Amino acid sequence: MGRIRVLVVDDHRIFAEALAAALAAEPDVEVGAAGSAAAAERALERAAAEGRAYDVALIDADLGAEAAGARARPGTEPAEEARRRPAQGVPPPRRSAVQAAVPTAVARPADRPSPDQLRADQLRAVSPPPDGITLLGRLRRAHPGLRAVVLATADDPHRAARALHAGATGWVAKESSLARLLAVVRGVLRDETHLPPALLTGVIRELTTARRDRTESERLVDTLTPREKQILRCMVAGLGRQAVAERLYLSPHTVRTHMQNVLGKLGVHSTLAAVAVARRAGVSPAEPAVPPSVASAP
């Protein structure tokens, strides 16, 4: 085996640099580091274009989790909103008679999110949050020859099963020794799959349950007519009733009837639940609509 090219993907800079330095001390290992999903994708694309593709990516399972948590943490607000909010204990500025005579502007209906936008936001809630495992799946699709190993702070059978499904061939605790990590790196290059022994039983249970759920979901989806499957794919894409009607050249009433039939056949009571069943069955979202000007171009 020649030199092994390894890309460390972790947004904790000190950890990433220390790990990269330790790996680079091995005579047969070359190491690069990326601190974000975008940086990792750029590094892999650049290396492939230069004919020096990476062999293994070591990906933090929680990549980007802290940034996402900071954005969603209760009690926080954007700086712009904080600047506009009056400070506590400070009375609002007095308005002149002219200002008082001018009615305060109210939000126009166009400023509010449309029902389709609201539905799309709700549907995103049924997808796993973006993390290192999500990135891993994208990288494996874009670079099929790349081996991926997850670096995790805790052994989690559910997430490990997700990682295997996404294309990972190894799961290593961050507290493991360098010798253990190198053994996994070399093992995955021999097409071995490495999991900690403590995870095996839980992962097998998760994969068995996922397979059973997928089989049942596929059976339910197979009961749909071709038109109902079209409707379901539109639902997975986050389209509302009016958007589906326009896409398929149907009346909103007809779309409503089809949607009700889809829910009934899948045995669920909401669009979100139907989308969850569809995702388990591997149903892909409807493709984006082609603008008329593009569709009619010669």
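Biologist: How many salt bridges does the count come to by this rule?

Modeller: This is a predicted model, in which local features need pLDDT of at least 70, side-chain atom pairs count only at pLDDT 80 or more, and totals for chains, interfaces and linings use all residues. Residues are numbered from 1 along each chain as its sequence is written, and side-chain values use heavy atoms, with hydrogens and water left out. A salt bridge is taken as a side-chain nitrogen of Lys or Arg within 4 Å of a carboxyl oxygen of Asp or Glu. By this rule, the count of salt bridges is 17.

Biologist: Arg 147 and Asp 191 meet in a salt bridge; how many residues apart are they?

Modeller: Their side chains meet at 2.7 Å, N to O. Helices (H or I, at least four residues) and strands (E, at least two) are DSSP runs, numbered from the N terminus. The pair links distant parts of the chain, since Arg 147 belongs to strand β4 (residues 147–152) while Asp 191 sits in the loop between α9 (178–188) and α10 (197–222), and their separation is 44 residues.

Biologist: Is Asp 191 buried or exposed?

Modeller: Buried means under 20% relative accessible area, exposed over 50%, and partly exposed in between (1.4 Å probe, protein chains only). Asp 191 has a relative accessibility of 62%, and therefore counts as exposed.

Biologist: Which helix holds both Glu 216 and Arg 219?

Modeller: The side chains of Glu 216 and Arg 219 meet in a salt bridge at 2.7 Å, N to O. The two residues lie three residues apart, about one turn of the helix, and that helix is α10.
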